[in-house]
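Biologist: Thanks for sitting down with me over this one. Could you put the model on the screen, and then I'll start asking?

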Amino acid sequence: MNVYPMGLRPEDEDLWDTAVELLARTYRTDRHEVAAAIRTRGGRVVTGVHLAGSAGRSSICAEGIGLGAVLAGASDADLGGQVETVLAVLYRPFADGGALRVIAPCGVCRELLFDYCPNARIYVHRWPGEPPNTPLVATGRFSGFDLPARLVDGQAVPVRVAKLLPEKNLRSW
Ligand SMILES: [Zn+2]
């Protein structure tokens, strides 16, 4: 039986499964550590994988790649009208086995998501207390479904994208 983070809505379990499967196939330490699964209002599930670049600013987050993939598969350019729910999952290898959790969008992604889909739902991770400071242990590539099902403490919390940047003005294009 699959394990899901507390707070994840049952109807979004497929997004978690999709992102975790994608991470299991593509994870590489310091390169591809986050996968995003996005449900469109038409019911499609579209994905994106984080690409870390050697020049830090060249890195691209999974959420932005996912938004582009939604648009690439759409019949029109109304991205905001198409994105319903965004869920990004982070995998981190620890000495005692890897851990998975929902990861909230970074500041750059908050800006991008706000511009294109302020009414979408997105998940953030709420720690039960102070975030733990656990040392990371580098590992090599793994494949298939070898990802451990250990979840990081805390809760997945769905919020409206617009609430992530309450003072930001809607973009006029
Ligand atoms: Zn980001």
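Biologist: Leaving aside neighbours within four places in sequence, which residues is Glu-13 in contact with?
Modeller: Happy to, and do keep in mind that this is a predicted model. Glu-13 is found in helix α1, and I set aside its neighbours within four places in sequence. The contacts of Glu-13 are then Tyr-4 and Leu-8.

Biologist: Is Glu-13 buried, exposed or partly exposed?
Modeller: A buried residue needs 20 or more other C-beta atoms within 10 Å, and an exposed one has 12 or fewer. Glu-13 has 14 C-beta neighbours inside 10 Å, so this residue counts as partly exposed.

Biologist: And Leu-15, is that one buried or exposed?
Modeller: Leu-15 is also found in helix α1. Within 10 Å of Leu-15 there are 24 other C-beta atoms, and the cut-off is 20 or more. Leu-15 is therefore buried.

Biologist: How far apart in space are Leu-15 and Ala-37, C-alpha to C-alpha?
Modeller: Ala-37 is among the residues that Leu-15 touches, along with Arg-39, Val-45, Thr-85 and Leu-87. In sequence, Leu-15 and Ala-37 are 22 residues apart. In space, C-alpha to C-alpha, the distance is 5.4 Å.

Biologist: How many residues are in the largest nonpolar core?
Modeller: In soluble globular proteins, nonpolar side chains tend to be buried together. Here, the residues with the most contacts inside the largest core are Ala-19, Ala-35, Ala-36, Val-86, Leu-87, Ala-88 and Val-89. Elements that give two or more residues to this core include α1 (13-26), β1 (34-40) and β3 (83-92). The core has 36 residues.

Biologist: Leaving aside its neighbours within four places in sequence, which residues does Ala-35 contact?
Modeller: Ala-35 is one of the residues with the most contacts inside that core. Leaving aside neighbours within four places in sequence, Ala-35 is in contact with Ala-19, Leu-22, Leu-23, Thr-26, Thr-47, Val-49, Ala-62 and Val-89.

Biologist: Which residues in α2 are buried?
Modeller: The cover over the buried residues of α2 includes β1, β2, β3 and α3. The buried residues of α2 are Ala-62, Glu-63, Gly-64, Gly-66, Leu-67 and Val-70.

Biologist: Is α2 roughly parallel or roughly antiparallel to α3?
Modeller: The axes of α2 and α3 are 9 Å apart, and the helices pack at an angle of about 25°. Angles under 35 degrees count as roughly parallel, so α2 relative to α3 is roughly parallel.

Biologist: By class, what residues make up the contact of α2 with α3?
Modeller: From α2, Glu-63, Gly-64 and Leu-67 meet Cys-109, Leu-112, Leu-113 and Tyr-116 in α3. By class, this contact has five nonpolar, one polar and one charged residues.

Biologist: One last one: in what order do the elements of the protein chain run from the N terminus?
Modeller: The protein chain has three helices and six strands. From the N terminus on, these elements run α-β-β-α-β-β-α-β-β.

Definitions and conventions:
Residues numbered from 1 in each chain as written. Predicted model: local features only at pLDDT ≥ 70, side-chain atom pairs only at ≥ 80, totals over all residues. Core = buried A, V, L, I, M, F, W, Y, C linked by C-beta atoms within 7 Å. Helix = DSSP H or I, 4+ residues; strand = E, 2+ residues; numbered from the N terminus. Contact = placed C-beta atoms within 7 Å. Axes fitted to C-alpha atoms, helices over the stretch in contact; angles between N-to-C directions. Parallel < 35°, antiparallel > 145°, perpendicular 65-115°, else oblique. Nonpolar A, V, L, I, M, F, W, Y, C, P; charged D, E, K, R; others polar.
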